[in-house]
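This briefing is meant to be read beside the sequence and the coordinates, and it moves from the overall fold to single residues.

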Amino acid sequence: MTQISSPPASSDQSAPVAGRRASLALLVVLFASFMDLLDVTIVTVAAPDIATDLHATQAQLQWTLAAYTLALGSGLIIGGRIGDDYGRRKVFLVSLACFAVASAACALAPSAEALIAVRVVQGLAGGFMVPQVFGIIRSSFEPAAMAKAFGAFGAVQGLAAVAGPLLGGALVDADLWGLGWRTIFWINVPVAAVALLLGARVLPESTAPVRARLDFTGAVLAAAAVVLVLLPLVQGRDWGWPWWGWALLAAGVVLLAVFVAHERRVTSRGGQPVLEPALLAVRPFTAGLAASVLFFGALAAFFLVLSIYLQAGTGRSAWDTGLVLLPYALGSMITSGAGVALAGKAGRALLVTGSLILAASQGLLWLLVRDGGTPGYWSLAGVMLLGGLGLGLGAPILVNVVLAGVPDRHAGAAGGVLSTVNQIGGAVGVAVLGTVFFNALVPTDSSTAGDTAVVFGHALAQVLPWQVAAYLLAAAVMLALPKTAATHQH
């Protein structure tokens, strides 16, 4: 459900495609986008089965999700620029092939460690692939066709949000050929194969007119700093919270400062940094970064802990869990269209309202689970629908509202950074709030030791106030954003 913003338009070296070839080209990039978006949500439903089958620790389960989103965000940092320089068609097809191979490797993973490792590769492939989708559409379609193509992309985002929980639940419960959760990765392989064969024939090649020097050092510093921050947060419980874990966290913060200093040096030499230092002095941009981490961090963590609660705590199947999550996706689809349409008039108000609605939905869920009972489907569905309505108001327009306060010359760079931070925020949320949840998975007293619903309900109830606080804080930070969304293209 995470939104990814498009890169800036440019005068590209390509000729527009039209007719049947244009339709087929659009179909190829939409198939690839669907797979990438699906893999963000589908794994959460299968997480309990993955943990059981691979004997994964709680930290390893967190890394199964966080590793993908973190790698995806890291790929987004440089993926667009590599496509601009070396050819978007070429980079897209290579990334799609890598995504398919990594998906097969995920399906064959013999251990939790192996699954985490190939999830990193899968996320990096997705991070390189997604920017090419926008680049190919922008450089290869006439203006009227381009608008329709981006409209179709938005529809695919909504479809992936709905299909993820349902498809994941259906595949896990169906246990096709005894593969269980592994089918959620195998399904990517034939889809990618068809897209590769078709894409090789119909996708046009395009490049940026001027090749920019890639700030590879900056990208590595940024990724390493985030990993150093996340590693002790996720593994701290298994390690016993040693002093050197906190030292790693401090080293990550120091490395972030080194990254900023490096970016300033790149800029002073006339290079193109990963993060334009001048943006850090733009108040709406820094507020947007904070809002993105809070908003998307709470969102990503919520689906992990809720899926575990529903299956391990209340005994629901993966399919039943998907049905519980379905109203969330439907609610998002209901309001997202209206949110985008009204963003040019009341973008900030919509963001704040959406965050407050999300906070309210988490508060209502806390009331349902705090006593350890097993909530019925319709009670949960109502809360999920409310949360989805709030998500649809906020997620699709957050980047554009932030960009309204950014100078036009920095809009493209800011949009790319914000899209990357959305993914990193998700990884941070899984690390922090997932740790709160797993730390709370202990009986409150001897009388509840054998009552699974009470134990898991207690753990979820420990997380939800933090969720509420994150959305309320996000709403407060959003008050520093521009009143309306950006009208310039990015």
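The model is predicted rather than determined by experiment. The chain holds 15 helices and zero strands, and its radius of gyration of 22 Å is close to the 23 Å that the globule rule gives for 490 residues, so the chain is as compact as a globular protein of that length.

**Overall build**

- Taken along its principal axes, the C-alpha trace of the chain spans about 70 × 50 × 45 Å.
- Of the 490 residues in the chain, 58% count as buried.
- When contacts between residues at least 6 apart in sequence are considered, 84% of them join residues at least 24 apart.

**Surface and charge**

- The accessible surface of the chain amounts to about 18,700 Å², and carbon and sulfur atoms account for 67% of that area.
- The chain carries 24 positive and 21 negative side chains, with the centres of these two sets lying 13 Å apart.

**Nonpolar cores**

- In soluble globular proteins, nonpolar side chains tend to be buried together.
- The largest nonpolar core of this model has 117 residues, and the members that touch the most others are Phe285, Leu365 and Phe437.
- Helix α10, which runs over residues 283-313, supplies the largest share of this core with 17 residues.
- Once neighbours within four places in sequence are set aside, Phe285 is in contact with Leu275, Leu279 and Leu280, as well as with Val402, Val406, Ala414, Val417 and Leu418.
- Another core of 29 residues lies apart from the largest one, and its members include Val40, Leu93, Ala125 and Ile137.

**Two loop residues with positive phi**

- Asp175 has a phi near 50°, which is a positive value in a residue other than glycine, and this residue is found in the loop between α5 (143-174) and α6 (183-186).
- Because its relative accessibility is 38%, Asp175 counts as partly exposed, a class that lies between the buried cut-off of under 20% and the exposed cut-off of over 50%.
- Trp241 likewise has a phi near 50°, again positive in a residue other than glycine, and Trp241 is found in the loop between α8 (216-239) and α9 (243-268).
- With a relative accessibility of 36%, Trp241 also counts as partly exposed.

Key
Residues numbered from 1 in each chain as written. Predicted model: local features only at pLDDT ≥ 70, side-chain atom pairs only at ≥ 80, totals over all residues. Heavy atoms only, no water. Helix = DSSP H or I, 4+ residues; strand = E, 2+ residues; numbered from the N terminus. Rg over C-alpha atoms; globule rule 2.2 N^0.38 Å. Buried < 20%, exposed > 50% of the residue type's maximum accessible area, 1.4 Å probe, protein only. Contact = heavy atoms within 4.5 Å. Areas by Shrake-Rupley, 256 points an atom, 1.4 Å probe, with all protein chains shown as cover. Lys, Arg positive; Asp, Glu negative; His and termini not counted. Charge placed at Lys NZ, Arg CZ, Asp CG, Glu CD. Core = buried A, V, L, I, M, F, W, Y, C linked by side-chain atoms within 4.5 Å.
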